[in-house]
Amino acid sequence: MRKLMIVAFLFCSCTKNFTTLNQDPNKFTSVSPESTIEAAVRTLNMQMSTYNYQHYWDLGNQIWEGSRYDVTDGGLWKNIYNNVLENLDQTILTYAGDSIYHNRVEIARIVKWYSFSILVAQFGPIPVTQANNLNYLNTVGFDNEDSVYSYILDSLKDAAAQIIPTGDKLSYDVVYGGNLTSWVHFANTLRLKVALRCMKNLNAKAVANIRDCMTNESALLQSESETAKMAYENVTNNWNPYWNFFINSNSYYPYSASGHTAPPRMAEFMQIFLRSYNDPRMAVYFDSVTSHTARFQVTDTLPSLNDDSLRIVKYGVPYLGKALAANFTTLLPNWGTTLTGLTNPLSGINDTAYSLIADAILTNPARPIIMLSYAECLFLKAEAAQLGYGGASPAETYYEAGIKANFAYWGLSSGQLAAYMTQQGVQWNTVCTNAYSDPLDLSNANITDVLHQIWAQEWMNYFPDQSFDSWCLQRRTRFFTFPPELNPGGNASYTSHTLWMDIPGRGSYPSNESALNPNGYAQGVADLALSPLNASLIVNNEYNPDIQLDFAIPNKIADWNTLAPTGFDMRFLQKWYGPNWESLKAAAASANFTVTLSSTYLP
């Protein structure tokens, strides 16, 4: 494996200095399909993993990493076009028509259109038909968003249909170990996912693809063994990207050491959801704060089972998520008026009080990166069935199987699953209108209908590798109203509300694209401006993060400054150890932590 790895990385390195989109491909014709496809898959997963901790984790509101909703391009455009699509196109051009390589060409096509499904949801209009084409060197045209999605759906369907089960296979396959059937299932499940994403803009074509996939469920992912994931091992240059960045670089662990930065923490909205539904995944997604003295001290009022008095107590909580803009220490102008004289209980918190992403996620150099999971396939089928677009089973069956698959993946017990499935808002066709909210009551984790149930569980399933998909899900459904970022980064200055930012609608093109490809860039910007919602936001460029893509439900951007919160609501942390004084005392005695009793009074 190490020898093959070296070949693949040498191949990748040939393109590292490219600055334009279309390049001379002739030097690559002697490289094997295995090397080029492996290099493309590896580079793509490295790029997406890097973007997780640079951008997507914060956008998904599950993991706090402090990117401040920055969606300026940090290399994704160039890396995918030059180091992913270039490799795949060379495989397709070199070996197409040669029956010896037939299936490997189709696998290259599947990965190619998977890559384009990322680019179009990141940027909107992008080069497709003229990308990596030597006939277009001076100007590379942009294809509009609808056209790109149409190409993706058609091409994935065709590539899956072209694979011959008894034909050639990848001798070195970092995703499926040479299983051709699984590649077919991946392509069709990806097609179902993309079709659900672009229902708003492609309408009938998207629905036709959804129905086709649901009519042929045997061609979708069938079990956990078919989860698409990039394999890694504890071998130099084949490490898991998170381990390599957070552990091997020695910059983040141990974060308590001098000069080390805190690793990723639980996002506050994630904790609000987990607490609202008594979700046992909190303990496998994140680590508890083991030091009782480091824990955040919450003030609570508890009744007693033995008398009518109430007790005001203070105790440490084992988990704490970090809010956007450092726990509301930065407030909007109007909020300062309504919150005058109130103490912000979240100000001045030491970093050691926050729950970190689980050690098992970062400290295993061989942990695979999920690209598309079996559980996700089940949630996609649940949505399609609920919308009336087919399926051999009712939507409820797919939904419950999806949660079960996710719990099994994380090693949670059948008892934990059974208890979770009884929660209002989790149990099929139930709602929850009293879920917890963030401390300023700006957003909450309420579940209001069946589709909302499916989307919430799909969002939970995307942790931690598919935060890009979390961002896509939020834009196409608006299933939750996430709190605003109060210290926005990136292109916030191009908005009309520079002090805060909602979930961005898209990522901006590379800063040099307008100079390298001015006509193509102008075409892409013009396509974005065709939407009436975007026209007023585009002034000479497309930097405004409020610009929306065609697949997304329009974001009704609130004027957060006018909401004027009146206090700090800490209920999502209170009653941690139960509803009364006795349950708290029992927990303190069992775990050996201190409870401070401030006062006792009769109500």
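Apart from its neighbours within four places in sequence, D89 is in contact with K112 and N132, contact being defined as heavy atoms within 4.5 Å. The model is predicted, so that local features need pLDDT of at least 70 and side-chain atom pairs count only at pLDDT 80 or more, whereas totals for chains, interfaces and linings use all residues. Residues are numbered from 1 along each chain as its sequence is written, and side-chain values use heavy atoms, with hydrogens and water left out.

D89 belongs to helix 3, which spans residues 76-95; helices (H or I, at least four residues) and strands (E, at least two) are DSSP runs, numbered from the N terminus. The relative accessible area of D89 is 9%, and this residue is therefore buried (buried means under 20% relative accessible area, exposed over 50% and partly exposed in between, with a 1.4 Å probe and protein chains only).

Helix 2, comprising residues 33-59, is mostly covered, as 25 of its 27 residues are buried. A bend of about 65° occurs in helix 2 at N52, the bend at a residue being the angle between axes fitted to the seven residues ending there and the seven starting there. Just after helix 2, a positive phi of about 60° is found at N61.

Three strands make up an open sheet in the order 4-5-7, with antiparallel pairing; two strands pair if DSSP finds at least two bridges between them. Strand 4 (296-303) and strand 7 (596-601) are the edge strands, each pairing on one side only. From one strand to the next, the twist averages 25°, where axes are lines fitted to C-alpha atoms (for helices over the stretch in contact) and angles run from 0 to 180 degrees between N-to-C directions.

Eight bridges connect strand 4 with strand 5 (residues 310-317) in the antiparallel sense.
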